[in-house]
Amino acid sequence: MRPSSLKGLLWSHACRTGFSMLNRAVAGRRVNMDSLGLFVLLIPTFSHWTAASSADEISWSYSGIAGQSEWSEYFPDCGGSSQSPVDVITTQTKYDPSLVPVTPLGYSQHGNQPFSMHNNGHTVIVELPEWMGLGGLPWFFTAVQLHLHWGNGAPGRGGSEHTINGRSSDAELHVVHYNAELYPNMSAAMTQRDGLAVLGILIETGDETNPGFNNILNYMSRIRHANQRAFIPAFDVQSLLPKDLGRYYRYNGSLTTPPCYQSVIWTMFHERVQISKAQLLKMEMMLYSSKIQEADRMLLQDNFRITQPLNHRVIFASFSAESGRELSSGEVTAIVIGVMCGCVGVAVIIRFIVKTIRTKETEKSQEKKTDLALTITSKAERKEELSPSPQTEP
Ligand SMILES: *[C@@H]1O[C@H](CO)[C@@H](O)[C@H](O)[C@H]1NC(C)=O
Ligand SMILES: *[C@@H]1O[C@H](CO)[C@@H](O)[C@H](O)[C@H]1NC(C)=O
């Protein structure tokens with residue numbers, strides 16, 4: 001065993017089994033590994049791991065002693081000021097009319113070559129052919145892989161990484177691309193600003209089975225253990241995306257797993273995709289984070305990072321809050337009733353006005369008649385006054 005891989009193994013082992021290992025070492029089982037593990041545990045801090053050969057070999061987890069709150073100790077970028085995921089507070093987003101719809105390129109031209117899918121102990125990853133890409137950004141991005149984040153099947157917080165107005169979704173799909181105009185490959189791009197573009201799709205459960213997701217879920221039983229790999233039939237990757245690719249949130253962020261490089265142009269779609277409850281359950285219950293040779297099977301669950309501070313950043317929206325808002329049936333009813341009441345109101349007012357005018361006109365014409373009558377009378381009277389009566393004439 002190479003010393004570096006041994007270190008990685010021990011670290012992951014220490015992380016997952018913690019002090020239970022101590023007991024086993026004492027009990028004399030798996031002596032070699034556990035006595036070394038004991039050595040690791042007896043060192044007060046794990047700081048010496050940062051000095052270890054490569055950061056990638058350090059094993060991390062979502063909770064426990066190598067959990068997310070500790071990531072930045074071993075992966076300094078995880079403590080940066082532009083981290084992902086974030087909570088999108090929709091009222092604080094800024095509408096940017098220059099944000100055009102993103103365009104998946106070749107997503108549906110999957111060809112005949114099977115896709116490679118594997119369990120890396122943190123998620124399920126499907127590698128994508130290099131002819132798939134992404135347009136609608138300032139550069140052309142080449143597709144690399146897609147993966148998922150999910151919860152643990154219990155009600156409460158869902159397993160999505162991004163949240164909208166504090167609300168999480170059941171799961172989240174990420175499609176990862178690198179900037180092929182500026183960088184030669186993924187490993188060169190992933191450390192650079194503007195190096196990556198990730199599409200984030202929030203997943204929620206509904207009544208219907210989503211056939212697109214079955215292209216992944218139906219084969220997960222072949223990669224239950226960490227490091228297992230399987231080839232799956234190629235499929236239309238666009239079938240995993242929402243229909244509306246024009247409405248999204250855009251911000252500068254990071255990888256949501258160590259080493260958390262701040263190299264990602266994020267696109268979080270406004271529209272969520274739906275899968276069935278059974279499909280979600282499969283996602284949540286099928287995989288292990290442990291390797292096949294490990295005695296303790298650890299279900300791979302709750303593989304989401306909690307939301308990170310936005311700090312100085314602004315989240316842009318490709319749509320304005322007004323047009324972006326979907327109306328609930330209650331709101332639609334309210335609007336219909338409102339409009340109807342309004343129309344009736346206006347009709348009543350018009351009728352009232354017309355009636356008033358008519359009445360006034362009638363009154364006026366009556367007044368005129370009276371005036372006329374009075375004038376005639378007064379004229380007649382004056383005439384009478386002016387012309388002396390023949391009787392009084394001398
Ligand atoms: C990626 O590109 C860099 C820079 O050209 C090169 O040094 C490296 O070997 C490449 N890596 C892979 C995996 O192809
Ligand atoms: C991301 O950062 C770049 C470089 O600083 C900047 O030009 C761009 O406007 C930022 N994009 C967003 C969505 O904030």
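Modeller: By class, Ala, Val, Leu, Ile, Met, Phe, Trp, Tyr, Cys and Pro are nonpolar, Asp, Glu, Lys and Arg are charged, and the others, Gly among them, are polar. The model is predicted, so that local features need pLDDT of at least 70 and side-chain atom pairs count only at pLDDT 80 or more, while totals for chains, interfaces and linings use all residues. Residues are numbered from 1 along each chain as its sequence is written, chains are lettered from A and ligands numbered from 1 in the order in which they are written, and side-chain values use heavy atoms, leaving out hydrogens and water.

Colleague: How many nonpolar, polar and charged residues make up the shell around ligand 2?

Modeller: The residues around ligand 2 (a heavy atom within 4 Å) are R193, R250, Y251, N252 and F316. Strand β12, residues 248-253, gives the most to this shell, with 3 residues. Sorted by class, the shell has 2 nonpolar, 1 polar and 2 charged residues.

Colleague: How far is the polar side-chain atom of N252 from an oxygen atom of ligand 2?

Modeller: Polar contacts are pairs of N or O atoms within 3.5 Å; within protein, one must be able to donate a hydrogen and the other to accept it, and residues adjacent in sequence count only if both atoms are side-chain atoms. R193 places a polar side-chain atom 3.3 Å from a ligand 2 oxygen. For N252, the corresponding distance to an oxygen atom of ligand 2 is 2.3 Å.

Colleague: What percentage of the accessible area of ligand 1 does the protein cover?

Modeller: P184, N185 and S187 surround ligand 1, and a polar side-chain atom of N185 lies 2.4 Å from an oxygen atom of this ligand. Taken on its own, ligand 1 has 370 Å² of accessible area (Shrake-Rupley method, 1.4 Å probe; for residues, only the protein chains shown count as cover). The share that the protein covers is 27%.

Colleague: How many helices and strands does the chain have?

Modeller: The chain has 394 residues, of which 42% count as buried. Helices (H or I, at least four residues) and strands (E, at least two) are DSSP runs, numbered from the N terminus. Counted in this way, the chain has 9 helices and 15 strands.

Colleague: Which residue of β11 is the bridge partner of H118?

Modeller: Two strands pair if DSSP finds at least two bridges between them, and β4 and β11 run antiparallel, joined by 4 bridges. Strand β4, residues 115-119, also pairs in the antiparallel sense with β5, residues 124-127, over 3 bridges, and in β5 the partner of H118 is I125. In β11, H118 has as its bridge partner R229.

Colleague: Which residues form the uncovered face of β11?

Modeller: In a regular strand the side chains alternate between the two faces of the sheet. In β11, residues 229-232, the covered face has A230 and I232. The uncovered face has R229 and F231.

Colleague: Is E161 buried or exposed?

Modeller: E161 is found in the loop between β7 and β8, where residues that it touches (heavy atoms within 4.5 Å), not counting those up to four places away in sequence, include P85, H149, E172 and R305. A polar atom of the E161 side chain lies 2.7 Å from the backbone nitrogen of R305. Buried means under 20% relative accessible area, exposed over 50% and partly exposed in between (1.4 Å probe, protein chains only). Because its relative accessibility is 0%, E161 counts as buried.

Colleague: What is the form of the peptide bond from S84 to P85?

Modeller: P85 has its place in the loop between α4 and β1, and P85 is also one of the residues that E161 touches. With omega near 0°, the peptide bond from S84 to P85 is cis.

Colleague: What is the relative accessible area of D194?

Modeller: D194 sits in the loop between α5 and β10, and its phi is near 65°, a positive value in a residue other than glycine. D302, in the loop between α7 and β15, is likewise not a glycine and has a positive phi of about 50°. D302 counts as partly exposed at 27% relative accessibility, and D194 is partly exposed because its relative accessible area is 23%.

Definitions and conventions
Near = heavy atom within 4 Å.
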